[in-house]
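Good morning, and thank you for making time for this presentation. I ask that you keep the sequence and the structure in view while I speak.

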Amino acid sequence: MPSRYSAMLSRMVPNLPSRASASQPPNGDTRNHLHAAGHICVLKDAFLYESPAEIANLTSTDKFDAALAIHLYKGGRLLQGSRIPFGIIFGGTDVNEDIKCKEKRQVMGAVLEKARFAVAFTVEMKELAAAEWPDARKKIYVQSQGIKTTPSETFDWYRFLQNAGIPADTGSVRLFLLVCGLRRVKDPLYLVEAFSDWHRKDPSVHLGIIGPAVDPLFTSEVKERVKRFPGVHVLQELPQQELHAALRRSLALVNSSVSEGMSAAILEAMDLEIPVLARNIPGNAAIVKHKETGLLFSTPQEFIALSKSLMNDPILEKEIITRAKDYVKKHHSWEGERKTYQNLVQRLQ
C-alpha cells in the first residue's frame, strides 16, 4: 500500500510517490510517476535549505514517510542523519565533479551508505560511483531518463523571434538553440565568439541561449558578455511545452557543457526529430554517437564546421534524426522509467 506522503528536495526535483521528501533535482516526471502509484509527493528546492536539521524538522512536522534526493551531494547532504528512509538519484556533477573534493566525497559516501537505493542514468555513472564506494554497488540501479515531449500547437514562432531581437523578416532564420540552466558547468559562453564570427559572414545563423537562471550572478555575467557578440542571444525562459515548440522550429539543439549526467534537453531534441550538436564529454557521448544519432565537437571551430556540414547535407541530417528518434524510443521509454521508480519507491516503505 502506498505511503501517504513523500517529499522531494531538489534544485528542480523529480517526481516521487508517498509522503516523502526529496532533495536536489529530479524532474517533474518523477513526481508524476509517484502520484500515479497513489503517493503524495512534495517537491522542495534543496538550495533553500542549509542544514540536515532543517530537513529533519520539515519531515517531522509534516509527517513525511520517505524522501528522494536528487544529486548525491546537493540533495543528499541534507539527509545526513535522516530518521526517515530515503533514496538517491545521481545528478551527474556529483559523481563527475564533486567526487574530486575530499570533504564532499566523505559526505556523499556517508549518505550513500544510508540510502535504501540509488539511481544512475548510465552504466558509466554507476561504475564511477561503485569504484569509489564498492559496498554500494548492489544498491545502485541504472535507469535512463524517460522522455516525453509535448510541444505547444499554438506557439507563435515569429513573436518568439521578435521578442529575442532576431529579425524574422530577412528570409530564413536558422536558429541553434542552447538549452541549459545558466550555471558555470553548462559553459554557455564556450561557443559565442566563434559563433558570432560565423554570424558576421552568414547573418541567417543565430545562437539562442535559453534556460532558468540557476546561478543569478553567472546569468548576469552571461547577459553582459553576449551583448558584445552579434548573432548570439540570451532568450527569455519558456514553459516546457513552448520550449519544445521552439526547439521543433530550430535548426539544431546545442549542448556545450563541461559535465553532464544525462541531458534531458538532448533526448527531447532527439524525440522532436531535431539534430543535436553536443560537446564531446562522457555524459554526452553516452547518448550521442557521432554522425549516427548526433554530432560531437571538441572545439568551437569543430562546432562551426559540423554545423555547416549539417546545413549543407540534408541526407546526413535526415539519417541522424531518424536514428536518434529510434534510439530514444528504444532506450528512453517514459513508461519504463515510471515502472522503475514505482518499484524502487516500495523500498522506502
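**A walk through the predicted model**

The buried residues of helix 10 are covered by elements that include strand 8, helix 9 (240-249), strand 11, strand 12, helix 11 (282-285) and helix 13 (314-331). Please bear in mind throughout that this is a predicted model.

Let me stay with helix 10 for a moment. How many of the 8 residues of helix 10 are buried? The number is 7, so helix 10, residues 264-271, is largely enclosed by the rest of the structure. The buried residues are Ala265, Ile266, Leu267, Glu268, Ala269, Met270 and Asp271. Just after helix 10 comes Glu273, with a positive phi of about 65 degrees.

I now turn to the chain as a whole. The protein chain holds 14 helices and 13 strands. Its radius of gyration is 21 Å, which agrees with the value near 20 Å that a compact globule of 349 residues would have. Along the principal axes, the C-alpha trace spans about 60 × 40 × 40 Å. Buried residues account for 55% of the 349 residues. Of the contacts with a separation of 6 or more, 65% are between residues 24 or more positions apart. The accessible surface of the chain is about 15,700 Å², and carbon and sulfur atoms contribute 49% of that surface.

In which order do its 6 strands stand? The order is 10-9-8-11-12-13, with parallel pairing. Strand 10 and strand 13 (295-297) are at the edges and have a single partner strand each, so one side of each is left without a neighbour in the sheet. On average, neighbouring strands of this sheet are turned by 25 degrees against each other, with direction ignored.

We can follow some of these pairings in detail. Strand 8, residues 174-179, runs parallel to strand 9 and is joined to it by 6 bridges. Within this pair, Phe176 stands opposite Leu207 of strand 9. Strand 9 (residues 205-210) in turn pairs with strand 10 (residues 232-235) in the parallel sense, over 4 bridges. Here Gly208 stands opposite His233 in strand 10. Between these two strands the chain passes through helix 8 (residues 216-226), and this β-α-β crossover is right-handed.

Helix 8 also contains Lys223. Is Lys223 buried or partly exposed? With a relative accessibility of 44%, Lys223 counts as partly exposed. The C-alpha atom of Lys223 is separated by 41 Å from that of Thr61, which is 162 residues away along the chain.

Helix 12 (residues 300-312) lies across strand 8, strand 9, strand 11 (252-255), strand 12 (276-279) and strand 13, and runs at about 160 degrees to strand 13.

Let us move to strand 5 and its surroundings. Both faces of strand 5 are covered: Phe86 and Ile88 are buried on one side, and Gly87 and Ile89 on the other. Strand 4 pairs with strand 5 in the parallel sense over 4 bridges, and Ala67 has Phe86 as its bridge partner in strand 5. Strand 5 is also joined by 3 bridges to strand 6 (residues 117-120), again in parallel. In that pairing, Ile88 stands opposite Ala118 in strand 6.

Phe90 lies in the loop between strand 5 (86-89) and helix 3 (93-96). Its relative accessibility is 0%, so Phe90 counts as buried. Leaving aside residues up to four places away in sequence, Phe90 touches a set of residues including His71, Leu72, Val95, Leu112, Ala118 and Phe121. Phe90 and Arg225 lie 135 residues apart in sequence and 32 Å apart in space, C-alpha to C-alpha.

Finally, I would like to comment on backbone angles. Most residues other than glycine have a negative phi. His71, however, has a phi near 90 degrees, a positive value in a residue other than glycine. His71 is in the loop between strand 4 (66-70) and strand 5, and at 3% relative accessibility it counts as buried. Asp187 also has a positive phi, near 45 degrees, and is found in the loop between strand 8 and helix 7 (192-201).

Thank you for your attention.

Methods:
Residues numbered from 1 in each chain as written. Predicted model: local features only at pLDDT ≥ 70, side-chain atom pairs only at ≥ 80, totals over all residues. Heavy atoms only, no water. Pairing = 2+ DSSP bridges. Right-handed = clockwise from strand over helix to strand, strands pointing away. Rg over C-alpha atoms; globule rule 2.2 N^0.38 Å. Buried < 20%, exposed > 50% of the residue type's maximum accessible area, 1.4 Å probe, protein only. Contact = heavy atoms within 4.5 Å. Areas by Shrake-Rupley, 256 points an atom, 1.4 Å probe, with all protein chains shown as cover. Axes fitted to C-alpha atoms, helices over the stretch in contact; angles between N-to-C directions.
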